[in-house]
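I opened this notebook to record what I looked up in the structure shown below.

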Amino acid sequence: MKDVMKELKAGKFRPVYVLYGKDRYRMRQFVSDLTDKLLPPEEQELGLVKFDTSETPIEEAVAEAETLPFFASRKLVLIRDSSVLAAAQGKEGKLEHGTDALIAYLKQPNESSVIVFQVMAEKLDERRKVVKLLKEQDALIPFQELQENELLQWTVKRAEEQGRGMSRDAAQLLLARTGTNMQQLAHEVDKLCLHAGSGGSISSSDVEHLIASTVEEDVFALIDAMASLQVDRALKLYGELLLRREEPIKIAALIARQFRIMLQVKELEQHNYSPQQMAGQLGLHPYAVKLAAEKAKRFTAQTLGKHLNKLAELDYSMKTGRIDKTLGLELFLLSLAA
């Protein structure tokens with residue numbers, strides 16, 4: 001990625017780019033930056049052509065790339081793909097794609113065209129001849145989810161690009177409140193920058209007052225308070241969730257989910273899994289695994305199992321009307337401290 005960005009700044013463009021991975025936000029951002037660098041604003045309407053391989057055979061996109069641009073200095077052929085380069089999804093009735101035309105084009109691409117594949121998959125099917133050729137041509141650009149430190153750096157950098165300063169503590173609190181969704185994170189950073197004003201700075205206090213905490217964050221804080229025997233704080237957090245009209249059954253389900261993740265993390269730690277490997281196994285962002293691992297230190301695996309059993313019984317009792325939902329969850333929280 002660093003090499004590609006250096007090339008773009010220098011005005012050099014590769015004939016083909018293949019973007020894939022979990023981080024769709026940065027993928028879209030890359031396409032936007034490439035478009036702006038490749039085509040002047042007045043040429044983008046005629047110079048940008050979009051295809052989707054779920055609707056159009058790949059041969060049509062290749063034919064478009066082979067055609068000289070019309071009233072534009074270059075042509076950008078953007079292909080959204082989930083079947084040509086990615087592993088087969090097993091969907092019936094999908095289009096047949098003749099990749100021979102693409103392979104032939106890759107061996108002798110049109111100098112005035114740039115093809116960008118946006119592959120809607122985490123991995124490419126490296127058994128395919130066309131993928132092997134693209135790999136040899138150094139066209140593959142993975143967009144994996146950022147690790148915690150990378151997310152923090154990206155957040156601070158986004159604020160700096162707008163002429164604002166942001167402390168690391170503020171970035172950490174923002175990440176805790178917004179989660180790891182890059183689109184949401186970018187939106188909240190922009191909002192904080194607007195509040196700070198040109199040349200201003202963003203502090204933890206600004207984040208605390210301007211960015212609403214999520215239910216998941218409050219549930220994490222609630223569990224932490226009970227584990228620390230801070231009963232008053234835990235009950236206050238529970239009361240605030242109820243004031244926001246959060247359903248006790250939903251809160252109980254979120255608590256159960258966090259306990260389940262903590263238990264899974266403890267099990268994987270015994271098998272010497274790294275945080276990255278745990279994230280892959282559990283289908284979570286590495287940052288979420290890190291937070292769960294920190295909270296899990298306060299509990300034994302046996303205790304977590306007991307809490308999950310209690311929550312299962314509570315869920316049944318609340319849904320069958322055997323116990324008042326609000327009271328039932330409050331009693332469970334008190335039992336944690338006990």
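Entry 1, surface patch. I found that Leu 46, Phe 70 and Phe 71 make a nonpolar surface patch of about 390 Å². Patch members have over 30% relative accessible area and no salt bridge, and nonpolar side chains (Val, Leu, Ile, Met, Phe, Trp, Tyr) are joined within 5 Å. A salt bridge here is a side-chain nitrogen of Lys or Arg within 4 Å of a carboxyl oxygen of Asp or Glu. Areas come from the Shrake-Rupley method with a 1.4 Å probe, and for residues only the protein chains shown count as cover. I placed Leu 46 in helix α3 (residues 44-47); helices are DSSP runs of H or I, at least four residues, numbered from the N terminus. With a relative accessible area of 48%, Leu 46 is partly exposed, the class between buried (under 20%) and exposed (over 50%).

The model is predicted: local features need pLDDT of at least 70, side-chain atom pairs count only at pLDDT 80 or more, and totals for chains, interfaces and linings use all residues. Residues are numbered from 1 along each chain as its sequence is written, and side-chain values use heavy atoms, with hydrogens and water left out.

Phe 259 and Phe 299 form an edge-to-face pair, because their ring centres are 5.7 Å apart and their planes at 80 degrees. Phe 259 is buried at 0% relative accessibility, and Phe 299 is buried at 11%.

Note on methods: Phe/Tyr/Trp six-rings, centres within 6.5 Å; stacked < 30°, edge-to-face > 60°. Buried < 20%, exposed > 50% of the residue type's maximum accessible area, 1.4 Å probe, protein only. Patch = residues over 30% accessible without salt bridge, like charges linked within 9 Å, V, L, I, M, F, W, Y side chains within 5 Å. Helix = DSSP H or I, 4+ residues; strand = E, 2+ residues; numbered from the N terminus.
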